[in-house]
Structure formats: structure tokens, C-alpha cells
Amino acid sequence: MKFRNWLVGFSVAVMALGMSLAQSGKLEIFSWWTTGGEAAGLLKLFDIYKQQHPGVKIINAAVAGGAGSNAKAVLKTRMLGGDPPDSFQVHMGHELIDTWVVNGFMQPLDGIFKDNGWEKVYPQGVLELLKWNGHYWSVPANIHRANVMWYNKAIFAKYGLTPPKTYDEFFAAAEKLKKAGITPLALGDNGIWASTHVFETVLIGTLGADGYKGLWNGKTDWNGPGVKKALETFAKMLSYVNSDHAARSWDQANDLIIQGKAAMFIHGDWANGDFMAKKFEGYGWAPAPGNADIYDALSDSFGMPAKAPDQQEARWWLELVGSKAGQEAFNPLKGSICARTDCDPSLFNPYLQWAMKRWKVDTIVPSLVHGAAAKESWVAAINDVMTLFVTRRDVTQAQKSLAQACVDAGVCH
Ligand code: GAL
């Protein structure tokens, strides 16, 4: 603990000195943004950076794989091996704090927040999630919504369907579609997180916002009837997905919606970025069943490793990521809303304008899969449970393992 405090103090001092550090003329940015809207957003930020700092060579160290399924392991190897990038994508909340900050790998960013007046332009709730031990540790680029149900409008019109609000309505629609030879629900879980992602929305839709939040602080019983019901519902949903789901990535699942082969896709709003990048306009959206008035939220943020090799260049990057111009350029392409409160809504498509409104009025809950609700080891344990569940659909066994994962995480007793 003493060592950690010393490290934080040391990092604060380095940060203060950082401004006078020499420029190296290079910047390495690490992320998992390689698909349509993800890459488009990232490259847009690089373009702006190059205009602002023409002398800096940018190294794009992105590692493909949705939700960081491959990137996170590569990042760990690099960080532990003393070879950090200058800045990396990391989810705000537990993923940032528990994995990197408390272990002394990051440097505090208080100076950047102060110099740019960011305490006035980020919502209070966001600022609190960025803080640990009284310091800021990353710069949020966006807010994503995880609990959206995307659908192919032409298919819905053809079969006289409206977005299902409840699980009963969902299964009624799914049955109708299945009979017509259309895959009711697209899934691409070659990274198991995509299945856990659907399950996350089912937990919310079954337990409600408070019940779901209680899963992460020990107030909701993992052995109780709510989790059982959610597992049963998810098992039933799995009987309506494309048979090749284990071979597809999330964006390949989204392709099934674009091609009119599947009707619905329960996924985060990076799917909206993917639709835009692929120039598909025939999609509609609604909250996932049972998820009305609840915003299942996450934020992609960028932090600076304590040993970032190109400190000045990294600081410029963080300043761009957090700026109004940066967020207004990045988010309409990425399919997310600004983390800042002052972006111009007219720059965003109709889905994102809807999301901006919901962000202000919905009950906000933290995403599990995307690092906001629980530490990474707990997320990994739940993903392991889901790997078995997707093939075996054994509710009793899965519930036992989920309850054990909460104990192992030190939250349940
Ligand atoms: C999430 C991330 C999003 C998007 C998605 C799919 O974890 O927050 O920005 O990239 O994964 O890769």
C-alpha cells in the first residue's frame, strides 16, 4: 500500500514535469477498434491529431477482436513487460481502476483535467467514476448504450411486427419469424462476451435496475428466483439464434440484419456505427425487452501509463479525446454519444439523438461485460459460465457457478 501511495505521488510529480518533457515525434495508440464504425471513429481522431501536430508519427496498435477479447491480453503482456503504449482504450470504472490504477500502472491526469476545464463539461457521475484516491485516471471519449434491440425494418413490416417490449412478446415474434424461415435473433459469439452481453440485458430486463445493480454489491441474491428466471429466458432465446453463432464475430452477426437474414440483434450501439459504416439504413431500434427507461452504460476512455514513452504526444492525444471538437468528430462515426455535455445534437443521427435524450432521463446502470460493473476477474468468471451455458443450457449448474463467482469476487459471502 505504501509503495502504491509512493508511486501515485511520484506519478503526480512526473506529470507536473511532463509538460516540459522533450517531444519524440511519435505516438502509439492501443485499442481494439478495427471494424467499420470503430475504425472510422479512430481514424478520424488520428486525422485531427495530424492536423494539430503534423510532425508526429502515429502508430495504430489496434488489436482486432470485439470488446477487447484479444486486445486486453496483449495489453497486459505489454504493460507487465515494461513496454506500454502511450495511451490505451480502457473502460471507465472497474476495468480502469481495479486492473490498472490500484496496481500503480497509470499516471494521474489531474493537470489535464484542470487545464482544460473538464470538471465543468463532464457529468458529475462520470467524473466520480474516473476518480480514485482523489485523482483522475482517464479521459472518457464517449458513452455507449449496451441494451439496445436492433431490428431489420423491412422484415418487421413484412411480418406485421413491432419491437417486443416483454419477453412474451419477444418469443411470440421469434416463433413467427422462425416459421417463416428467418433467424429471429442474430448472435456472433466467437468471443463469448457477445452472449454474456445478451444475458446482461436479460438480467436487467428480469431483475429491474435496482435488482441488477444489487448483483454487483451483494444485495441481490445470485441464488434467487430472479437469476434463475433470467437464465431460463436466456436459454430459450438461444433456441432462436443463427446456428453458426460460434463462428461469427459481433459485426458478422450484424451483417445478418443488414442482409435481411436475421430480424433482431440485442447489442450495444457500436452496431449503429457499424450500420452507418456499411451504409445500411433499414434498421430500427428499441430498448431490449424489459429494458425500457434503463440505460445500460459504459464508456471508452483513454489513460496514460506511468511509463508511457512519449509523454508530450500522449498528453496532446488525451486533450484531443476529451475536447468538444474531438468528441463531436469521433462519436457520430463510432455510434456513441459524447461523454461531454456540450456536444451539438444536430451532428448526430436519429438513433444517437434518441440515445442523448434517454441518457438524461433513464435510470443508468453499469455494463458488466464492458468493464463498468465488476472487476475483470469477475467478468472473466461469468464469461466462463456462459461458455458452458450456451452449449449445455443447464440452468441449475450455471446459477450455482454464478453464485460462486460472486463469492470468489469477494462480494458475496
Ligand atoms: C466494447 C467497446 C466498444 C466497441 C465494442 C465492440 O467493449 O466499449 O467501443 O468497440 O466493444 O468491439
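Select Glu319: with a relative accessible area of 22%, this residue is partly exposed (buried is under 20% relative accessible area, exposed over 50%, partly exposed in between, with a 1.4 Å probe and protein chains only). The model is predicted, with local features needing pLDDT of at least 70, side-chain atom pairs counting only at pLDDT 80 or more, and totals for chains, interfaces and linings using all residues. Residues are numbered from 1 along each chain as its sequence is written, and side-chain values use heavy atoms, leaving out hydrogens and water.

Next, select Glu376 and Lys76. They form a salt bridge with the closest N and O atoms 3.5 Å apart. Glu376 is in helix α16 and Lys76 in helix α3, 300 residues apart in the chain. Glu376 is buried at 16%, while Lys76 is partly exposed at 32%. Salt bridges with shared partners join these two, Lys72 and Glu95 into one network.

Finally, show strand β13, residues 300-303. Asp300 and Phe302 on one side, and Ser301 and Gly303 on the other, are all buried. Strand β3 runs antiparallel to β13, joined by four bridges (strands pair if DSSP finds at least two bridges between them). Phe88 stands opposite Gly303.

Methods:
Helices (H or I, at least four residues) and strands (E, at least two) are DSSP runs, numbered from the N terminus. A salt bridge is a side-chain nitrogen of Lys or Arg within 4 Å of a carboxyl oxygen of Asp or Glu.
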